[in-house]
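Let's take a walk through this protein together, starting from its inside. Have the sequence and the 3D view ready.

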Amino acid sequence: MSKTPTGPSLSAMAAEFASGADGPVSAVRRALAKAAASQAIFIALREESALREAAAAAARRAEGRPLGPLDGIPIAIKDNIDVAGMVTTAGARIRSGNPPAKTDAPVVAALRREGMIVIGKTNLSEFAFSGLGLNPHFGTPTADFGKETLYAPGGSSAGSAIAVQRGIVPVALGTDTAGSIRIPAAFNGLVGFKSSSLRYDRSGVFPLALTLDSLGPIAPTVVDCVLLDAAMRGRTIRLPPSQPLSQIDLAVDEETLHGADVEPAVRDNLIEMMHGLERVGARVRVTKIFAFRQALGVIKEQGWLGAIEAASHLGRIVAGPEADSVDRRIRARLQSAAAIGDETRVAILKAREQLAHAIADDLQGAILVTPTVAHGAPELAPLEGDDALFARINLATLALTMPGSLLDMPGLALPSGVNAAGLPTSVLLSLPRGGDDALLRAGVAIEVALHNIAGHG
């Protein structure tokens, strides 16, 4: 069986702080010690600053005036998001000599206003441009599955997911352009929330594809994602009103579920989850979501919008004197995408808007259900040694998250079980653009229901 995160969840740590069972200084010391002892998870740490902030948070709590329920809790930030005083490398060695950021990205500033303590910047696929999470410059972080074999962490928010999976922090911030939160959450038995692209202020975030870039948390639970989402937006940190399962409609895309590429355990675990939810009151239907299939067709036939925009943004790097310093696999993808003409880009954008409306009509208020990834985490070593295999597995890994990104759908990746190798599988819940609040509210209700089902199983 795969291991669950070895540390407390965000909500559990908040409760421990409130009761006095734990406190900011000890929690931050533990996090920093684990981070320093880890390999390839963090690109940079901020030990002295984090400990000073922890002492200040502890003093506020001792005086009965915490900034909020998350005051003093450690968090990790993906290293394509600005943190004042730290270089934003975006996973690229060629950016290591850049000057440190002068200010926090707005989402980081919002978390700090709640008293959360950034312990460091996490590793990622170079320029956030891969679904597998490998990085030749800073190493590749790997999960603790209790096995000798190492597995790809999922990307691009690889370090953020592994920092949570290994219990270094209770929650981490990531970005998602084609699956970069949802995939590492799926590979590591975690919950990942990809927002609609405009839910958070994206200033201070290194861009990959501005049309598609989005932010969100990776955490052990949906509840944790809800709490961090509120903090990122400067809202009151509390859970949404409970939602009866009878009010939740789930639409499973039939063709995706029974696709030839879907690993049997991924399919079986999704079906079992849906049967369990149906037994406790949710409405589940297996149907054909035509707009989702059409989005898959646009990506396959016309190209990936994220790659086209990334090539436009990063083309000067891969065409210039620094090209040889870029991960060869990333460079190849960018060079290939650069050949796609502007006429194709415009056609994809037009199809995107049409399909974003069409999928809302198809779903009629239901939540779209698909596997997050069609397979479990692949072994790491073969991917490092075979570029053709890397390219094929990378595309397969991204296949089911890309349509949601193209249509700007918020997505919630939930653990669904394990496969024959004992590696996590995952289910992806998605709603049309702007349905973030409804998705998180339903996600909390589903999480509670699944916990109850497991407790009585």
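The largest nonpolar core has 80 residues, and those touching the most other members are Phe42, Ile119, Phe127, Val169, Trp304, Ile359 and Leu406. A nonpolar core is a set of buried Ala, Val, Leu, Ile, Met, Phe, Trp, Tyr and Cys residues joined through side-chain atoms within 4.5 Å, where buried means under 20% relative accessible area (1.4 Å probe, protein chains only). Helix α11 (residues 305-318) gives the most to this core, with 8 residues. Apart from this core lies another, of 61 residues, including Ala219 and Leu439.

The model is predicted: local features need pLDDT of at least 70 and side-chain atom pairs count only at pLDDT 80 or more, while totals for chains, interfaces and linings use all residues. Residues are numbered from 1 along each chain as its sequence is written, and side-chain values use heavy atoms, leaving out hydrogens and water.

Is valine 252 buried or exposed? Valine 252 counts as buried because its relative accessibility is 2%. Leaving aside neighbours within four places in sequence, its contacts (heavy atoms within 4.5 Å) include Leu257, Leu270, Met274 and Val369. Valine 252 and isoleucine 367 are 115 residues apart in sequence, yet 8.3 Å apart in space, C-alpha to C-alpha.

Definitions and conventions: Buried < 20%, exposed > 50% of the residue type's maximum accessible area, 1.4 Å probe, protein only. Helix = DSSP H or I, 4+ residues; strand = E, 2+ residues; numbered from the N terminus.
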